[in-house]
Amino acid sequence: EPMRKLGLKALNGRDAAIAVVLLVLAGVIHFAFELIRSGLATQTHALTSIRLYHGLLLVIEALAYLLSAFREEIFYRAYVCSRLRDFGLNWTRIIILSALIFSSAHIYQGWGLLPFHFAFGLIFAIAFLNYRSLWPLVVAHACYNLSLLAGSR
């Protein structure tokens with residue numbers, strides 16, 4: 001039951017559809033923010049600034065991106081959103097606070113990406129609170145991370 005409360009239940013077709021929609025939304029938002037940011041600064045994106053070309057290192061880096069997506073969704077969506085709900089906060093406050101916490105943890109990637117990470121956090125918190133399933137978020141987040149890895153090559 002505790003795992004189910006965190007949104008870790010069996011995968012189904014709806015979860016796959018939600019993951020695709022979230023991935024598309026994240027991609028559109030990323031593209032929009034990159035267009036804005038490219039006009040404002042020439043800062044290098046932290047995730048794509050390190051280039052690893054050796055095959056084994058690429059596999060290790062891909063696994064790290066996958067595990068990072070899983071870890072972040074467990075913490076920022078399942079744990080933080082659930083705890084904020086347990087404190088009696090309404091959905092609006094839960095969504096905004098969890099997005100703020102998520103985006104603040106990504107400041108190391110550059111201040112220019114802060115609005116993107118905040119929007120990403122908002123969308124994913126809304127999806128988690130509406131569907132109570134973590135798997136679509138993990139899949140979409142992992143695919144997004146892997147697309148950054150692929151784009152950095």
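1. Let me start at Phe-124, which touches Leu-22, Glu-73, Arg-77, Leu-137, Ala-140 and His-141 once residues up to four places away in sequence are set aside. Phe-124 lies in helix α5 and is buried, because its relative accessible area is 1%, under the 20% cut-off.

2. Of the 153 residues, 39% count as buried. Taking contacts between residues at least 6 apart in sequence, 77% join residues at least 24 apart. The chain exposes about 8,300 Å², and carbon and sulfur atoms supply 73% of that.

3. Now the core. The largest nonpolar core has 27 residues, and Leu-22, Phe-120, Phe-128 and Leu-137 have the most contacts inside it. Helices α2 (13–40), α3 (55–86), α4 (91–104), α5 (114–131) and α6 each give two or more residues to this core. The largest share, eight residues, comes from α5. As background, nonpolar side chains tend to be buried together in soluble globular proteins.

4. Phe-120 deserves a look of its own. Not counting residues up to four places away in sequence, Phe-120 touches Ala-26, Glu-73, Arg-77, Phe-102, His-141 and Tyr-144. Glu-73, Arg-77 and His-141 also turn up among the residues that Phe-124 touches.

5. That brings us to the charged pair. Arg-77 forms a salt bridge with Glu-73, with the closest N and O atoms 2.8 Å apart. Both ends are in helix α3, and because they are four residues apart there, about one helical turn separates them. Arg-77 counts as buried at 0% relative accessibility, and Glu-73 is buried too, with a relative accessible area of 0%. In general, side chains of opposite charge can pair when their charged atoms come close.

6. The count of salt bridges comes to three. Another one joins Arg-83 and Asp-86, at 2.6 Å from N to O; these two are three residues apart in helix α3, so about one helical turn lies between them. Here Arg-83 is partly exposed at 25% relative accessible area, and Asp-86 is partly exposed at 42%. Then there is Arg-71 with Glu-72, where the closest N and O atoms are 3.9 Å apart. Glu-72 counts as buried, at 7% relative accessibility.

7. Over in helix α6 (residues 135–151) you will find Asn-145. Asn-145 counts as buried because its relative accessibility is 7%, against a cut-off of under 20%. Leaving aside neighbours within four places in sequence, Asn-145 is in contact with Tyr-65, Ser-68 and Ala-69.

8. On the surface, Val-20, Val-24 and Val-28 form a nonpolar patch with about 260 Å² of accessible area together. Val-24 is found in helix α2.

9. Finally, confidence. Mean pLDDT for the chain is 80, and 76% of the residues reach 70 or more. Helix α1 (residues 2–5) has the lowest confidence, at a mean of 63, while α4 has the highest, at 96. Over residues 41–53 pLDDT stays under 50, and the model has 27 contacts beyond four places in sequence for that stretch. Where pLDDT is low, the predicted coordinates should not be read in detail.

Notes
Residues are numbered from 1 along each chain as its sequence is written. Side-chain values use heavy atoms; hydrogens and water are left out. Buried means under 20% relative accessible area, exposed over 50%, partly exposed in between (1.4 Å probe, protein chains only). Contact means heavy atoms within 4.5 Å. Accessible areas come from the Shrake-Rupley method with a 1.4 Å probe; for residues, only the protein chains shown count as cover. A nonpolar core is a set of buried Ala, Val, Leu, Ile, Met, Phe, Trp, Tyr and Cys residues joined through side-chain atoms within 4.5 Å. Patches are made of residues with over 30% relative accessible area and no salt bridge: like charges are joined within 9 Å, nonpolar side chains (Val, Leu, Ile, Met, Phe, Trp, Tyr) within 5 Å. A salt bridge is a side-chain nitrogen of Lys or Arg within 4 Å of a carboxyl oxygen of Asp or Glu. pLDDT is the predictor's confidence in each residue, from 0 to 100.
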